[in-house]
Amino acid sequence: MSALHGKHPASLLLFFAILAPARAAAPPTELAWSLKSDPRSLDPAKVDDQAAETVRFLTGGVLLRLNRHTLQIEPSLASSWNTSRDGLLVTFHLRPGLLFSDGSPLTSAAVAASVKHVLDPATGAPVAAQFLSPQAVTVETPDPLTVRIHLPRRVVSVGKLFDEIAIEPSGPTTEGRVTSGSFTIAEYRRGQFIRLERNPRYWKHDPSGAALPYLRTIRLDILPNRETDQLRFSRGQYQLIDGLSADDFRHLAQTNPSSVHDLGPSLNTEQIWFNQSVSAPLPAWEKAWFANRAFRVAVSQAIHRADLARIAYDGHATPAGGFISPSNRDWYDTHLRLPPEGTSVAQQTLTGAGFKRVGASLLDPQGHPVKFSILTNAGNRSREKMAMLIQQDLAALGMQVNLVTLDFPALIERLMHTQAYECALLGLSSVDPDPGSMMNIWLSSSPNHQWNPSEKTPATPWEAEIDQQMRLLGASPDDEVRKQAIDTVQQIVADQQPFIYLVYPNMLYAVSPQLTGVDMTLLQPGVVSNIDWIHWKGDSI
Amino acid sequence: MRRAAIVLLCALVATAASVLLWSPTGYATQDREQISAPSSARHWIGTDDLGRDRSVRVAAALLLGLAGASAASALAATLAAIVGVSAAFAPKPLARALLYLCDLFLTLPWLFLLMTVRSALPLTLAPLQSAAVTFILLAVLGWPAYARVTCAGTLRIRNADWFLQARASGLHPGRVAIRHVMPHLRPLLVTQFLLCIPAFLVSEANLGTLALGISEPVPSWGAMLLSLEHASAFSGPAWVFLPIVLLIVVLLLLQLLVTEA
Amino acid sequence: MRQIVRRVALRVVWHVARMASLILLSALGTVWLMRSAPGYFSDMRETDPRYAESARAELELQREQQKTVSGMTGKLLKGWLVGDLGQSRQYDVPVTTLLRPRVRVSVQLLLDGIIAGWLAALAIALPLSARRGSTGEMLIAVPSAILLAIPTGAMAILCLMLDAGGPILVLATLVGVRDFKLVYTLLRQTWTDPCFLQARAQGIGTARMMVAHLLPGIAQHLVALATMSVVLGLSAIVPIEVIFNVPGIGQLAWSAAMNRDLPVLLAVTLLMAVGVGAMSIFGAQMATVEAA
């Protein structure tokens with residue numbers, strides 16, 4: 001027996017060896033934060049996801065930059081620009097002496113090549129479609145510092161589009177290794193990290209003449225797991241968190257109260273909608289409920305939005321009535337008339353439409369019990385909580401609601417292809433304050449017209465009216481006409497409730513106190529919108 | 001020892017049932033003014049993040065989870081025993097085929113089968129029906145890893161001297177298998193049964209992301225365990241650890257119950 | 001001599017054929033399961049008005065190319081024969097370039113975790129099982145119940161929060177505690193075998209008996225358990241790698257499953273099939289050694 005006891009210390013030793021700390025935190029020499037996924041492409045022209053967009057913002061030099069704060073278009077590589085009166089000619093004057101990060105000169109020829117590359121249908125650049133008929137656009141370069149772009153049709157707020165076109169050296173794409181922006185890609189390990197290095201030949205300087213950006217290197221870790229993100233931030237391994245969840249905000253606020261920031265309502269909305277598609281594989285009576293305005297209004301009335309904001313978002317959300325957030329001051333409609341909220345008014349609305357309460361359940365005029373499911377994506381705790389709160393709010397009306405959470409591909413198949421769902425709860429993130437960017441959502445013919453996609457002709461008169469107003473918004477150069485149009489659309493949506501808006505989630509960020517010069521914005525890329533000016537506290541610049 | 005385990009287990013179930021029966025609020029009732037509240041006279045062990053009474057939810061989850069996971073676990077152990085014992089006694093080609101099937105089963109990504117099953121079920125499936133479907137699926141998919149172990153165990157018995165003697169003295173092979181092999185396999189099967197219970201509880205909750213599992217508002221033990229996968233859970237009230245403590249207690253009691261005195 | 005060579009050759013052919021058919025069937029099964037699961041022809045970006053159009057165009061193209069399961073499998077298998085695992089659907093790069101650096105990381109993690117788990121399980125089970133009476137069992141019952149009850153993810157988060165341990169510790173604990181239970185049961189049964197009881201009565205040392213009789217006697221068992229550990233480890237590395245952000249196969253497999261990246265997932269399944277098949281061969285060899 002004694003021989004056996006000798007084995008115990010060995011096993012203990014083994015465990016201690018494993019228990020040794022995984023890695024000690026290194027002192028920060030590079031600014032680090034995380035992207036949720038790998039960028040799908042590093043070619044700045046092919047950007048079609050959030051991660052790639054952030055990388056393009058940090059590396060790509062652009063003719064014009066949209067100031068994420070003031071929403072003004074500011075000159076960047078172009079020192080000045082103008083549009084002709086008919087809106088068909090855009091002229092850019094480049095700054096003299098511009099260089100790419102490898103030292104080669106940046107002239108109008110490179111600009112023309114980059115713009116043409118983006119407009120080429122073979123590239124498949126998402127921004128191209130916004131030029132309305134990209135193939136017909138022509139670019140000319142009368143001299144090395146001037147670029148003229150001829151448009152076949154007027155494009156409303158055309159300047160903004162150039163914020164999305166990175167100017168690259170002519171020839172095949174360098175995938176961000178040679179750029180005209182603040183940083184260049186020094187190293188990329190798929191699934192692990194992207195390391196960016198400062199572009200020493202970036203054109204911008206601070207008032208004292210020092211070259212921007214101040215930071216030398218940036219590391220963007222590819223980190224799908226939000227938990228680790230937060231832990232690494234607390235440990236000082238990351239200095240920024242782009243978009244915190246309400247739960248993480250509370251957790252971080254307990255340990256690092258000075259590092260968390262609530263910027264107030266974002267431009268994003270969370271909403272539920274009923275499936276009104278004619279081709280949906282649903283029983284006829286359910287389709288009748290969903291097409292019934294009174295039914296949708298009653299559901300909207302019964303939802304206690306203040307509870308959703310307080311409980312599901314821990315107070316970091318704002319109850320929503322329409323699709324334009326109060327933060328979007330230029331377009332928000334302060335006179336929007338919403339249906340009154342409350343369980344008893346909802347009951348009245350339903351009674352008025354022939355629904356009746358029998359015991360604990362609600363019956364429709366034909367006697368079918370009102371029973372449906374709310375579909376949402378798995379893994380978003382706030383959304384799941386909202387769905388559970390709505391479940392109870394609607395139970396007060398006698399509606400029996402089931403919650404179903406699905407992974408994204410399965411969810412999207414139901415929403416976009418098979419239409420096999422009754423009600424969905426999802427969010428819409430808005431990247432552009434101009435409601436013209438929501439054209440695809442409101443036009444009844446669009447596949448993204450969620451409640452009834454790809455209608456051949458508008459199914460209802462009010463959808464026809466929305467179509468008309470949205471077309472006006474898209475075509476008119478007059479800001480007043482555009483505002484009028486979007487106000488009308490907002491009112492129709494409030495009256496008809498095709499989308500039942502729930503909350504505007506607040507924009508939540510975490511920024512390490514080691515940094516200064518961080519200017520957070522609601523618009524993407526939020527926490528690093530002024531990356532050029534961010535620097536370490538105490539660093540001499 | 002064993003009797004004490006039975007008594008304690010019954011007491012646990014009885015307590016859970018009485019909490020569920022006599023509580024003034026249901027497991028789904030949201031007390032929206034008492035979100036994540038600490039212990040109080042109204043809510044003995046506080047409320048969860050939607051203001052639902054934690055004691056009622058834990059009690060309901062315990063009853064449902066215990067019934068579901070032990071049934072599924074028993075089914076999986078039985079399937080493993082049937083396949084393992086058959087493979088050990090069957091003629092060589094059949095035995096090989098069975099083991100081959102186990103291997104194949106282990107390599108396939110069943111996640112997608114679960115997704116397909118879910119898409120074939122109606123979205124308005126009641127939470128309890130969904131729970132039943134999930135536990136059955138878990139049992140049906142959970143056996144192959146254990147079948148190999150059972151097979152190895154049976155082979156050892158088959159080659160043991162006493163067994164050969166029994167066969168030689170003319171006992172019917174089927175009878176031998178039931179009368180003599182099963183008692184020898186029991187400890188192995190019991191261990192498998194115990195190992196499967198926590199695994200199935202957690203798997204049930206994991207399947208929630210595929211819209212299987214116990215759906216809200218019915219409480220799920222597994223989901224309560226999984227909520228500990230978030231760092232923010234550790235900053236909340238200590239009651240969030242109650243489900244895990246109960247699981248430990250239940251596992252210990254079951255162990256006592258099934259181990260031979 | 002020639003006969004022995006022939007027998008060995010036959011056995012090799014048999015194993016290779018078994019492995020090949022296992023791979024083929026898993027491939028067919030994977031393609032079929034994934035292709036028929038909901039969401040194969042959908043893309044998250046479809047709901048984003050900015051990217052919807054390019055996503056839809058991509059899907060349309062894929063739908064054209066991947067009409068039948070047999071066609072898809074055939075094409076992929078043809079590629080495999082020449083060492084081409086196909087093109088990843090989510091990253092649009094060859095699967096081989098994605099897999100190569102990750103295989104090493106995961107295999108290392110699995111080996112370390114499983115070996116550590118096994119050593120720990122054996123180190124505790126061997127001496128405890130040799131004790132008469134059930135005190136050993138009682139000693140270990142509470143810690144093992146605790147470790148069994150804590151979900152992998154919670155264990156990993158705890159490690160991260162305490163900044164102690166790492167993926168290997170979690171994997172080792174996970175494998176160790178389950179194997180301990182089975183190994184202990186097995187050893188306990190063996191020790192109570194009449195022959196061992198007799199040997200002990202004759203005063204043969206426990207350690208000698210363990211090395212000379214006990215371990216060889218249950219070798220095949222241990223192999224069966226090892227197969228199970230590998231399977232358990234393979235399924236556990238997914239959450240472990242995701243939480244600890246280890247750039248391994250598990251992390252890739254998870255994102256492949258969530259993004260319906262068939263070529264990547266198929267390659268991972270192939271690796272699984274090779275792993276499980278290899279363990280089977282190993283087990284069969286042990287059985288023959290034992291029989292001899």
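Some housekeeping. Residues are numbered from 1 along each chain as its sequence is written, and chains are lettered from A and ligands numbered from 1 in the order in which they are written. In this predicted model, local features need pLDDT of at least 70, side-chain atom pairs count only at pLDDT 80 or more, and totals for chains, interfaces and linings use all residues.

Let's start with chain A. Its secondary structure comes to 15 helices and 22 strands. Helices (H or I, at least four residues) and strands (E, at least two) are DSSP runs, numbered from the N terminus. The C-alpha trace of chain A spans about 95 × 75 × 40 Å along its principal axes.

Now the radius of gyration, taken over C-alpha atoms. The globule rule is 2.2 Å times the number of residues to the power 0.38. For 541 residues, a compact globule would come out near 24 Å; chain A has 27 Å, which agrees.

How much of chain A is buried? Buried residues make up 47% of its 541 residues. A residue is buried if 20 or more other C-beta atoms lie within 10 Å of its own, exposed if 12 or fewer, and partly exposed in between, with C-beta atoms placed from the backbone.

Next, contacts. Two residues are in contact if their C-beta atoms, placed from the backbone, lie within 7 Å. Take the contacts in chain A with a separation of 6 or more: residues 24 or more positions apart account for 66% of them.

Chain A has two parts to point out. Domain 1 covers 31–239 + 512–536, and domain 2 covers 269–505. Those bounds come from an automatic or database domain assignment. The C-alpha centres of the two domains of chain A lie 35 Å apart. Their contact takes eight residues from domain 1 and seven residues from domain 2. On the domain 1 side, four are nonpolar, three polar and one charged. For the classes, Ala, Val, Leu, Ile, Met, Phe, Trp, Tyr, Cys and Pro count as nonpolar, Asp, Glu, Lys and Arg as charged, and the others, Gly among them, as polar.

Now some backbone details. Most residues other than glycine have a negative phi, and most peptide bonds are trans. Ser157(A) is not a glycine, yet has a positive phi of about 40 degrees. Ser157(A) sits in the loop between β7 (146–150) and β8 (183–189) of chain A.

Asp314(A) is buried, because 20 other C-beta atoms lie within 10 Å.

On to peptide bonds. The bond from Leu212(A) to Pro213(A) is cis, with omega near -5 degrees. Pro213(A) is in the loop between β9 (193–198) and β10 (217–222) of chain A. In chain B, a cis bond joins Glu216(B) and Pro217(B), with omega about 5 degrees. Pro217(B) is found in the loop between α8 and α9 of chain B.

Now chain to chain. The contact between chains C and A takes 44 residues from chain C and 43 residues from chain A. Which helix gives the most to the chain C side? That is α4(C), with eight residues. The chain C side divides into 27 nonpolar, 10 polar and seven charged residues.

Chain C also meets chain B: 37 residues of chain B are in contact with 43 residues of chain C. By class, the chain B side has 27 nonpolar, six polar and four charged residues.

Last, helix packing in chain C. Axes are lines fitted to C-alpha atoms, for helices over the stretch in contact, and angles run from 0 to 180 degrees between N-to-C directions. The axes of α4(C) and α11(C) come within 8 Å and cross at roughly 130 degrees. These two helices, α4(C) and α11(C), are therefore oblique to each other. Angles under 35 degrees count as roughly parallel, over 145 as roughly antiparallel, 65 to 115 as roughly perpendicular and the rest as oblique.

The axes of α10(C) and α11(C) come within 7 Å and cross at roughly 95 degrees. So α10(C) and α11(C) are roughly perpendicular to each other. Their contact has six nonpolar, two polar and one charged residues.
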